[in-house]
Every structure is written in C-alpha cells, then in structure tokens.
Amino acid sequence: MNFTKEAIDKNRVTATALILIVVMGLMAYRTLPKSEDPGFVVRAAQVVTFFPGASPDRVENLVTDKLEEVIQEIPEIDYIKSESKTGKSIITVNILERYKNMRPIWDNLRRKVEKATPELPIGIVGPFVNDEFGDIFGTILTITGEGFSYRELKDASKDIRNQLLFLDDVAKVDIYGEQEERVFVEYNDAQLADLGLSAIELRNLLESQNIISPGGEVELKNERIIVEPTGNYETVDDIRKTLINIPGQQQILYLQDFAEITRGYIEPPSNIVHSSGTPALAMAISLREGGDITRLGEQVGKFVEELEKKYPIGFQFDFVTFQSDIVQEKVDDFVGNLFQSVIIVILVMLFTLGLRTGLVVASLIPMAIMATFALMPIFDIGIDQISLAALIIALGMLVDNAIVMSESIMTQVMGGKTAKQAAIDSAAELKIPLLTSSLTTAAAFLPIYLAPSAAGEYTASIFKVVTIALLSSWVLSLTMIPVLCVYFLHFEHKKVDYEQSRFFRFYRNMLLLFLKKGILCVAFFAALFCLALWGVTFVTKAFFPPSERALFTIEFELPTGTKIEKTEQVMKQVEAYFKRDLLAGTDGEGITTWATFIGGAAPRYVINYTPKQPSPEKAFMLVNTSSWDVMPDLMQRVEEYCLNHFPSMRVTVRKTEYGPPVTTPVAVRIQGRDQDRLYEIVDTVKRELETISGVKNVRDDWGQEIKKFIVNINQPRASRAGVTNEDIAVSMQTVLSGYETTQFREKDELIPVTLRSIAAQRKDLERLETLNIYSQNSKAVVPLKQVADIELEWQPSKIMRRDRLKAITIETDLEPNYPASQVIKEIGPWLDQQQKEWPSGYFYEFGGEEEQSGKAGKSIYEQLPTAGLLIVLLLVIQFNSYRKPLIICLTIPLGFIGVVVGLLITNSYMGFMTILGVVSLSGIVINNAIVLLDRIRIEIEEEGKTPAEAIIQASQKRLRPILLTTMTTIGGLIPLWLGGGLMFEPMAIAIIFGLLFATMLTLGFVPVLYALFYKVKFKDVPYG
C-alpha cells in the first residue's frame, strides 16, 4: 500500500486524521500528569532496631552484625550501609540500580530479618523494616497557634491530617514536630524507701490495677449478656486515686499522697519544629502514584483557604515548600522555551525557503508535537522538564525529514514531473533512508534509556520522547507534507541552477581541495580531535548543577552528645539573626520564610534529598528567599555568622540540586577492620585534604567520641547483697530514665504511664552512687555503690560500616564555584601512593559526586556497544555495505571537537546532561551522513554519473537541506541555552557548537572518507 498516494487521493481523510491528532494532542497535554522532574525509583530501605542502653560496640556486635549477615544473602543488593549508635541500629539496604520492581525484594528483606530476629538479644525493640524511605513530600505545611496550647495545636493537626487524606491526589500526610504524650508518676526515692516500697513494687501495683479483664457472660432466657467489670484508668484522676497498700502496715494511701501525677510530653523531645522562628507542627503531604502535582496543589490550596476561615485568629498556616507552584512555573517556562523554539524554526524556514514552502515545512513542527503529546500517555510519560527538553532537542531534527522531502519534490517538479507524481516518487525514494536516519538518531539516545542507574532512569524519557517525535515526523513527512506540497505549492517547471551561485561555487572549490588532499585532511581532523581530548581536561566537571529554586538548605551539627534543648537554643539565636538582618525588607530582597527541624531532618521534599538519621545535636533548615539571585550572598552571610558565633558547630549551606542525590561534593571512604588503625589513616587524609585550596569543613561521619559511665558490677558483693544484674539494670532505668508501667486510654489514644524519680534525683550526678537498688527476691534495698563501681569512659558516638567492614567517610564542602573534580584530581594520586603503605585489607573509595557521576557515566558507556551495534545494523541494512557504516562511525567522534570548544568559550561544565548533548549530536551527525551517502548512491546508480561526479553533485544537492537542518536545530536550541537554566545550558551548548563543527564534517569529511574508502581520484577534476 502506497501511503503517500492514498494520502493525496483521499485528502479529506488525511485532513480529518490531522484534525484528530491536534485534538488528541491538546487533550493529552491538559490531562498528562505534570511534575518538576520525572523522578526515579529510590532503591533503599532501612532496618531499624532499638537496643535500649546498649553501647555502639554492643549494638554493632549483637544486633547490626547478625542482621547484616542474613541481609547480605539477598542477591539484588548493591551494598549495605549501617550505623550503630547508643541504643539503636540502622541498616540501609541499597539495591542494584538495574532492578525496578522493589516489592519482591523488600518482601525477601523482611523474611531475612525475621529469620535473624530470634538470634538477637533479649530486650530489643524491632527490627522494623521501612521500605517507604523514598516517599516524597513535595508540599510541607506548617501550623502555628499564637495564644493556643500545644495540645490544641496537636488536636488541630490531627483533624487537618484526617481531612487532607480525603483529597483525591493525597497519598500520605506525616506530622513533624509532634511530641508523644506521657502520664508521669514521679516519686522521691527516699520517701518511697521510708514507706517500705520500691519502684519495682510500685510498678507492679500500677500494672495490676489497670487491667481490662473479661467478666464472662450470663444467660437470661433467650439472651446471652456480656459482663464487663471496670478497673482500667479512665482519667488521670483515676491514677491519682490509686490505692496503695503499705507493706507491714494497715495504712492505705492514695498514690497522689506520696507521688506527683502529671500529664505532659516525653522528655527530652525527639524532634522540634519552628516555622519562621515560631514553635510549630509541620504537615508533609505526598502525592499519590499517578496523581497530578498541579491538581494536588489546587486541592490543598483551596483546603488551606477554608482552614483559615474555619480556625480562630491566632492559627496560622504557611507553606514551606509548595511543589505545585514550582512545577507550574517550570512547565510554563519550558512551554515558553518550546514556543520560542517553534517560532525561531518557523522564521528560519520562511526566510530560507520562502513563504509557501516555509509554511509547508514548518507545519510539521506543531503537528509532530501534537502527535507526540497524544502518544506520551501510552508510554507512561508525563510533562516535566526532561520530557519538554527532549521535545526541544528533537525540534531541529523534526523538520529535517520535511525539508528533504519538500526539496526532493521541488527538484523533481522542476525536472518535468507533475506535483503528484513527484510527491509519490520522492516518498518512494526517501522513505527508507529517512526511516533509517530517524531510527539511528533515536538509537543514539538508547544508552540513556537502557542505563541501569538512577541518572539514566531520571533522563530516560529523553529517548522515548525523541523516538516518538522522530517517528511521528517520519510518518507526517510521507503523508501530510506531500499533500500540502501538491495542493498548496505553485511550482514552475524550470530548473533553478543553485550550483552556479557564489556560495555553491565556494563550497565546491573547498570540497575539491579537501578531496584532492584527502589524507592530509583526515590527518588534520584527527589532530583536531586529539587537541579536543586534551582541551576537555580544562573543562569544569560537575555531575548535576544546582536547581534554580529560590530555596537553600542549612545543616547544623553541634558537638556529639549535645542535648536537644541546647540545639534548640542555638537555633533560636540563628533565627533571631534571620529576623534582624536577613528578612526581605522594603526592597523585597532577602529571606521570606523558613522552617527549622531540630533533632532530625526535614521530610524528603525533593527526590534527591536524603534525610539523615535523627540526632539531638543536629538541625536542618529549609530557607525560602525572594529570588535565586540573592541566595549566594545570603548563604555566605549565614555561614559567616555561624562560624563567628558558634565555632564548634559544623554548618553546611547548600542550594537544592537536580538529579540523583549527592550528599556531599567530595567524600573519601576509608574501610578496614581495626578501628584504631582506621582513625590513624583518617587523620592523615584529613590533614592532606585541608591543604587543598577550595576545601572547607573537613569532617568525618563518625563524629567525636562521647562520654559514657560504666557501671562495673562487683559480682561477689552483689551476690552477698542478694541483688542480681537485672535488679541493678531495672532499678537504674526506673530512677534515671523512667519506666513505662501501663497505659492510660483516652478515646482512641493509648498514653504510656511512666514511673520515674523526681527531677532533682534524676539530674543529680552526685547522687548516682547512692541510688537505691531493689532486690526482687530478698526485697532488700542497697545503694548502688555497695554493689558496683562507676567509671567514666570514652566511646565512638557511632560505628559506621559498609558491606560489613568498618567505614569512615571523610566529607568536605567546597568554596563557591570550586569544582569537586579539581579536588579529586589533586587528592587522588596522593591517596593511591598512601594506600600502598596501608596494611592489607585497608582501602579507600571516592564517594560523593565522583561516585555518583562515575556510576551514571559507566551505566551509559556500558550500553554504548548495544546502541552502536544497532546503529551499525541499521546502516548495513540501509546500504548493504560495511564501508559506508564505517565512514559514518568514524565521523561521529569528531563532533566532539565543537563540544569542547563551546564549553571552553562559554565557561560551561562537563556533566551528565553534557553527555546527553554529545549523544544527541551523534544522532544528528548520523542523520545527515545517511542522507548524503544515500544521495551519492542515487547519483551513481540512477543518474549514471562517475563516482567523482556523484560525490560532488550529491554533496551540493544535500548542502542546502543539511544547512537548513543545522540552522533550525541551532535556532530551536537557543531558547534552551538562554532560558533552560543551569541544567540544560551545557546540553544545548554541546549540541549547538558541536553541530557547527559536525556540519562541516558531514559536508567535507564524509565525502573525503568516501573517496578514500572507494579509491575515487580527483586529480584531474577542475576547480569552480
């Protein structure tokens, strides 16, 4: 079936189909889910186990090691990272990036953990497997209530959370800053001893009183009625009125007679949230799978407007992050760039081809875009900055098919054919070469799609969108373009000899010069390529650039062991500085709002932010600013203030970033078995790093050692006193930390009742030795000093491991605009030399940006052979030759010359997106080379010309289409260069400058290689 002939003959069907494409495209654009980034699967889960009171060493040996031993049996694991700290084990399981379906893997992880649980020590809580570690909460809402109690704020937040969950696009709502409630029973240890009671006896009495026991049933004729006795605590006053029998006496006391019963919150708090300096609760809202972030924003925005009307004055609701607005702004910017690109390409067409021909060719652009939008839902592609950028990349290539087709039709009409016959014959001649060129161009992007990495997954839609757009362009070039040419172009049946124009004569003379000096020409281009390889070493390297969001983050870390109360005090001072000196003033520039998460991290507000484990000495700020331009100055001022006022505090100020997560720009991971030897090596590496310019805040992830009191139990003395080790541990926990005895039930809440000594006894270090130890067997009470000695020791604050080896990661921040690659370049050789002197089993690895960019680059490079073989196969099928595909393959790398020149001239960087630009450039080079080589074949086989004449004629006939393709591609990419932001700027630069060189290569180097491979001589061919 001849689709071109059918499209021309049945023009009304063709017109209807085109209208349908437009309608479907517009509908798809309106309904496609919109987001800032396409995202990627977070292939990490955490196994958290609590071991109250245990030191990091004990946690490592008794919990972490046993769990890691079974977890490592999972075949899909990439690496296991663990953190053993006082009372807690956190194991992060990272899966190889080639796996996408996480559910079976996480189910297997749970089975492995359950298998190891019986081997864990008594007294642990857990292990708990958290496989929702990657949930993204793009909307964070803070709630403050001036004049309202925390209890009222908490009740309001729970009510709001329940209402939010009814919204269609809401998946989860997590509350941050919420404090756990407790009912505290506080006693005086001495008074309790006077009454002949112990804390353990008091605990047992409370537990026995607060019991819900079934009372059975009674039968009454045909009915059976349940009997339920009372006895559990209904109110806090019930706890106060608990009757206590005093041992050895007839006296009965109420609990409130010798203990203070209060309702409060856990001490110390686990985390605290401030909203622009005011105590608050934060609600993190995540989007349901398949939902639309802009629609979610509309729903939440309207909901908050209603809340402001519903709640009394004093309640305030503020958005810390509102991803909907960011996404809408990003999509609008890219649609604007796309529109500008379309206008530029259309203007180029009109200027170079004339009004009618230009309009015919340019009509392909909106139609191909609409067809692409219509097909995107089928391939599960949403609208985001990556998919829209892919459309802009494809824009210049889209018109190539239309240009070649319209040029061929015009040429054949001028040769004497009718417009219809010229259209049919042109389609028959070009459909296979154009299909091959479209497929090979798409295949050049295949490594991105196949790359088994987070970066590859993040940018995979580029391949899908470009492929859809190119194939849509091919179909439209064989149907719509011939129809428009036949019915709307007026052809004059006279041959226009472009070859006699001044430009064509200049090109022909230069081409002949290249052809006659073929070997010299090849050597010249080879030298240029080698020069480019040398020049790329001077190009700045970066994995992904910072985002243009007017938001930056600050991580604070005080000395290990700092109380959360002290951390909050420091944060209040920093927030006071914000209010005093950095708030946006009358000029509108400065900090607008911020949120502070004390004792923990913020929710995962973007996909590439990895929340760190909570710890009382840590805090995290999300800071919104009036504009992106003022951020560098604000960040520097914050850093300087903290350095001057809190020299012992580590502060890391960062912009948000694109792409997969990179926790720190430069990281060196040292691994081995002996802790002391690791410390020695790490200290040496730290000292060396501190000598490198551009480096600041050198630190390691183990932190400083912390103090610990060791209670050495003297077993003979304890035995004589009738006290067991358990008696000592339970008595100490009850007095110092409090002991959860029973639960107080209020509606749907269960509030633990905590038994503890009064604050004066809990917090008095001097009274530790006189602490009363109660024997559960003999009922005797003895002071702690009688059965144990107390010693002060230092211990690591935490023990980090990677793949079951101890691992200390040295991290550094960098001065503004200082590349991580430069630090790696300087420290790498030194580390290689040092490693030779380390004991066997000790080694280093780079983490941070170097590790992530290496993984991403490797994942693409590993797929290049697959794409290369596919391209070669397509070329062999097209030409039935090995020499012609080899010519094209030799041409591809030389486009890299222009890429390096462009990056150096514009002072841009070499990163992941630059690599994508090089890949895109390769596709365009292949496309142009195919069309040129196919034209040489036609000139020889169908026109009967000699090889020398065919090379010159084919080059001249393809000169105009290739130049037009270059102009349209460059024109279409200019808005992406100037307005696409830091992320897409290097990709656009790589294609624009690379294409300028690649065009020369196609028009000069390809004919030269063809002449050399086929031994075509030009010695006697005259110039001009």
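1. Helices (H or I, at least four residues) and strands (E, at least two) are DSSP runs, numbered from the N terminus.

2. Before going on, please note that this is a predicted model, where local features need pLDDT of at least 70, side-chain atom pairs count only at pLDDT 80 or more, and totals for chains, interfaces and linings use all residues. Residues are numbered from 1 along each chain as its sequence is written, and side-chain values use heavy atoms, leaving out hydrogens and water.

3. E13 (residues 272–275) pairs with E14 (residues 278–287) in the antiparallel sense over three bridges; strands pair if DSSP finds at least two bridges between them. The bridge partner of His274 in E14 is Pro279.

4. E13 also pairs with E18 (residues 591–598), again antiparallel, over four bridges. Here Ile272 stands opposite Ile598.

5. Ile272 and His274 point one way from E13, Val273 and Ser275 the other way, and all are buried (under 20% relative accessible area; exposed is over 50%, partly exposed in between, with a 1.4 Å probe and protein chains only).

6. Now look at helix H2 (residues 11–31), where Thr14, Leu18, Gly25 and Ala28 are buried. They cover an arc of only 95° around the axis (taken from the directions from the helix axis to the C-beta atoms), which puts them on the same side of H2. The face turned away carries exposed residues, including Arg12, Ile19 and Arg30.
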